[in-house]
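Hello,

Here is the structure I promised to pass on. Please open it first, then read the notes below it.

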Amino acid sequence: MTRYLATEADQLALGEDLARMLSGRSGVVHLRGELGAGKTTLVRGLLRGLGYSGTVRSPTYTLIEPYEIGGERIYHLDLYRLADPEELEYLGLRDLLDGEALLLVEWPERGAGVLPAPRLDILIEHAPPGRRIRLSPCPAWQEGFDDSLVQQCEPHHIIL
Ligand SMILES: Nc1ncnc2c1ncn2[C@@H]1O[C@H](COP(=O)(O)OP(=O)(O)OP(=O)(O)O)[C@@H](O)[C@H]1O
Ligand SMILES: [Mg+2]
């Protein structure tokens, strides 16, 4: 199942809804979609929904932006510029995967083989003038997700 998001404001609002579903959870979230699909916009809404009021910069060049919001640690990654998945080791990925932090990862394909399978896979597609979005939470995360948005976890998304 998918939902149509006609404007950037809708995209931000869905991010805020997602904050309620993801609050207190840890693990990896994959954000998939072409350049300009609205991945960062969704993260912006999500962080706002968690209570963050500062600026959310795209981690295009830093690759990773850390947040601490109400005792929760969130890392926003953009792997577009990753030359090799092995570079994730230098970013300290192992330390981030400590079972407590939430990792929101744009361009997870670039980390294939090193980045763990996601607990939630989000796919955003261009559908002019808006976007179409689909959420695939793994079984352990299905409870609490809005049914109208959710699709079964795809077989290749194996939970760790
Ligand atoms: N639902 C929507 N409808 C229309 N425009 C949108 C929607 N969501 C986001 N946008 C717009 O799309 C543009 C790109 O958004 P954004 O930077 O979030 O994309 P991205 O997927 O993170 O891209 P990149 O792969 O380059 O990091 C922004 O101008 C944003 O306002
Ligand atoms: Mg982005």
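Let me start towards the end of the chain. F145 sits in the segment after strand 7. Helices (H or I, at least four residues) and strands (E, at least two) are DSSP runs, numbered from the N terminus. This is a predicted model: local features need pLDDT of at least 70, side-chain atom pairs count only at pLDDT 80 or more, and totals for chains, interfaces and linings use all residues. Residues are numbered from 1 along each chain as its sequence is written, while chains are lettered from A and ligands numbered from 1 in the order in which they are written.

Back to F145. Is F145 buried or partly exposed? F145 counts as partly exposed, because it has 17 C-beta neighbours inside 10 Å. The cut-offs: a residue is buried if 20 or more other C-beta atoms lie within 10 Å of its own, exposed if 12 or fewer, and partly exposed in between, with C-beta atoms placed from the backbone. Neighbours within four places in sequence aside, F145 is in contact with M21, L135, P137 and V150. Contact here puts the C-beta atoms, placed from the backbone, within 7 Å. F145 and Y80 are 65 residues apart in sequence and 28 Å apart in space, C-alpha to C-alpha.

Next, Y75. This residue belongs to strand 4 (residues 72-78). Y75 is buried, because 20 other C-beta atoms lie within 10 Å. Setting aside neighbours within four places in sequence, Y75 is in contact with I64, P66, L96, A101 and L103. V28 is 47 residues from Y75 in sequence and 9.6 Å from it in space, C-alpha to C-alpha.

Now the helix pair. Two packed helices are described by the angle between their axes and the distance between the axes. The axes of helix 1 and helix 2 come within 6 Å and cross at roughly 50°. That makes helix 1 oblique to helix 2. Axes are lines fitted to C-alpha atoms, for helices over the stretch in contact, and angles run from 0 to 180 degrees between N-to-C directions. Angles under 35 degrees count as roughly parallel, over 145 as roughly antiparallel, 65 to 115 as roughly perpendicular and the rest as oblique. Residues of helix 1 that meet helix 2 include E8, Q11 and L22. On the helix 2 side, T41, R44 and L50 are among them. By class, this contact of helix 1 with helix 2 has 10 nonpolar, five polar and five charged residues. Ala, Val, Leu, Ile, Met, Phe, Trp, Tyr, Cys and Pro count as nonpolar, Asp, Glu, Lys and Arg as charged, and the others, Gly among them, as polar.

Then the ligand. The shell around ligand 1 divides into three nonpolar, nine polar and six charged residues. Helix 1 (8-22), helix 2 (39-50) and strand 7 (130-137) each supply at least two residues of that shell.

Last, the backbone in the loops. L63 is in the loop between helix 2 and strand 3 (64-69). Its phi is near 70°, a positive value in a residue other than glycine. W107 is in the loop between strand 5 (102-106) and strand 6. Phi of W107 is near 55°, also positive in a residue other than glycine. W107 is buried, because 21 other C-beta atoms lie within 10 Å. The peptide bond from P128 to P129 is cis, with omega near 5°. P129 lies in the loop between strand 6 (120-127) and strand 7.

Best wishes

How values were computed: Two residues are in contact if their C-beta atoms, placed from the backbone, lie within 7 Å.
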